[in-house]
Amino acid sequence: MPAQPFFITTAIDYTNGAPHIGHAYEKVLADVLARFRTSQGDDVFFLTGVDQHGQKVQQSAEKLGVAPEAFVTDVTEKFTALWSKLEIEYTQWAATTAPEHKACVQATLTKLWETGHLYKDRRSGFYSVRQEQFITEKERGPDGEFGEEWGEVVVLEEENYFFKLAEHRDWLLALLDRRPDLVAPAFRQAELRNAVEKSSGDLCVSRPKSRLSWGIEFPFDPDFVAYVWFDALLNYVSFAPGFAECGRASEKFQRYWGSALHVIGKDILVPAHGVYWPIMLKAMGFSDDEIPHFLVHGWWNIAGAKMSKSTGNVVDPVELVSRFGSDAVRYYLMRDIQTGQDADFSTERLVARVNSELANGLGNLLNRTLNMTHRYLDGTLPALDDSNPVGAALRGRCIETATSAISAMARYEVHAAIESVARLVSDANAFVDTEAPWKLAKDPTQSDRLAAVLATLFLCLRTATTLLQSVIPTKSVEIFEQLGCAAFPVCGENEFRSAFTLSAPQAVSKPTPVFPRIEFAESET
Ligand code: MSP
């Protein structure tokens, strides 16, 4: 099969503060999905970056007495340093202060203005300083007050540019009905549909320069800059493959765009990604089938509460990676949350997962298998006849595990894929105990059985590591080195069936521990 394109993006992170574990989770999730598709032979383009404009950035820079350019450069470095520590392998970096992005935002504004999708109007209304947007009476809670999420709300009268959102409302509803798999998980699509049904009004897409200068200037009216969400959403196009060179018409853009998946958190589906973005794309001339898919993940909380800088319960990913290593952090972030749901972050659980599934599970299996191969077979496993009944059931479990992990990954259920691998590893460790190779080694009539047992364990290790390589990229390289083999291509069952046999003798290295147990006291949480 020819390589399938896969264009995956994450939200671009606000550069008004340091990254926290929530940002790291989204990046790791996208990176794991991207690497997995690469291991399946697909042609992956992974876009991520930073959202550098807007009032919050301007205010943070002002508070520190520095220019916004200097401020965002500094914060952006914190993000890029973390992504490199976490082995996030993106193809393209999107920074909204980049000239090609500015050009795209300005060209889009001009096009929408010229085609009648924008209009200028003077309005007076409530404005949320925190969310940087106008809000209406509808946003008042049952107590008549604007909720905490809006922060300070002021009354503003201003002339601005508006994007005609309301006239596309029925189109969006019809699109959601026609493409029920636009948003994953499905309950988020239902949530979006409800929100669209209740929505009304147009979107204010400008901010007067008199109060916000840190943004992209309107090309046909220099008194205004673009609203930060209008600017940020366009990164998915401005940095898309082929776009900067030749625009939408480019063959490269067309090839990737149809496969686009936006990975975002639950807080930014409605209204930004689920309402503004599809309507912006429609107004820009994209067809219904060119509206991208969304994968909406949940949030990591701390003891059930939202992480927040003001309450001080923010987990610093840099500290975690320095302490436990990037693969341990990646493994925990993928293992202990169901894609789409929220979860509670706990360092204790991280340690428990890593110790039980990586140190006692995979690491132990590797050590025992390689040690015994050296002790009893001089470090080389003989070829295994596929019809050998010894270990046949466990080799069958390898095929089952690969099949179920691949289908879980296609549903973005990384936790389920990892869980099926963890079960295989635990079955393999149990197989060691029941077969007791140390006893077989004492009986010369059992030498064939001993070789088949160890070869089967080798195949389990190769399967488990192949399926986990996107989650633990560094450690899996070390494991493959010790096993003396490479990952097998993670494609369809017919293609990978041959991966579960050992058709030629296989030399393995002596083991060196890959996952040392983490010593951790409760007082350290
Ligand atoms: N800049 C906008 C996105 C623009 S995309 C065109 C933004 N930035 S953000 O920095 O606030 O959030 C970036 C991503 O991190 C979002 O998808 C958000 O949902 C995610 N998370 C923020 N906190 C999170 C957790 N506690 N847990 C998981 N993800 C979280 O929104």
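First, the ground rules. The model is predicted, so local features need pLDDT of at least 70, side-chain atom pairs count only at pLDDT 80 or more, and totals for chains, interfaces and linings use all residues. Residues are numbered from 1 along each chain as its sequence is written, and side-chain values use heavy atoms, with hydrogens and water left out.

I start with the overall picture. The C-alpha trace spans about 90 × 55 × 40 Å along its principal axes. With 525 residues, a compact globule would have a radius of gyration near 24 Å, and the protein's 26 Å agrees with that. That radius is taken over C-alpha atoms, and the globule rule is 2.2 Å times the number of residues to the power 0.38.

Now the sheets. I will call two strands paired if DSSP finds at least two bridges between them. Contact here means heavy atoms within 4.5 Å. For the angles, axes are lines fitted to C-alpha atoms, for helices over the stretch in contact, and the angle between N-to-C directions runs from 0 to 180 degrees.

Within that sheet, strand 5 and strand 7 run antiparallel and are joined by eleven bridges. Asp121 stands opposite Asn160 in strand 7. Strand 7 (residues 153-163) also pairs with strand 9, again antiparallel, over two bridges. There Phe163 is opposite Leu203, and Phe162 has Cys204 as its bridge partner.

The other sheet to show is open too, with three strands in the order 10-12-11 and antiparallel pairing. Strand 10 (206-208) and strand 11 (217-218) stand at the edges with a single partner strand each, so one side of each is left without a neighbour in the sheet. Strand 10 pairs with strand 12 (residues 221-226) over three bridges in the antiparallel sense. Ser206 faces Ala226 of strand 12, and the bridge partner of Arg207 is Val225. On the strand 11 side, two bridges make an antiparallel pairing with strand 12, and Glu217 has Val225 as its bridge partner. Strand 11 and strand 12 form a hairpin with two residues between them.

Next, helix packing. How do helix 2 and helix 3 cross? The axes of helix 2 (residues 55-64) and helix 3 (residues 68-85) come within 9 Å and cross at roughly 100°. That makes helix 2 roughly perpendicular to helix 3. On our scale, angles under 35 degrees are roughly parallel, over 145 roughly antiparallel, 65 to 115 roughly perpendicular, and the rest oblique. Helix 2 brings Val57, Ser60, Ala61 and Leu64 to the contact, and helix 3 brings Pro68, Phe71 and Val72. By class, that is six nonpolar, one polar and no charged residues. Ala, Val, Leu, Ile, Met, Phe, Trp, Tyr, Cys and Pro count as nonpolar, Asp, Glu, Lys and Arg as charged, and the others, Gly among them, as polar.

The second pair is helix 14 (residues 347-377) and helix 16 (residues 414-435), which pack at an angle of about 45° with axes 10 Å apart. That makes helix 14 oblique to helix 16. Among the contact residues are Leu362 and Arg368 of helix 14, and Val425 and Asp433 of helix 16. This contact divides into seven nonpolar, four polar and three charged residues.

Last, the backbone. Most residues other than glycine have a negative phi, and most peptide bonds are trans. The bond from Ala184 to Pro185 is cis, with omega near -5°; Pro185 lies in the loop between strand 8 (183-184) and helix 6 (186-198). The bond from Val270 to Pro271 is also cis, with omega near -5°, and Pro271 is in helix 11 (residues 269-283). Glu132, in the loop between strand 5 and strand 6, has a positive phi near 55°.

Terms used:
Helices (H or I, at least four residues) and strands (E, at least two) are DSSP runs, numbered from the N terminus.
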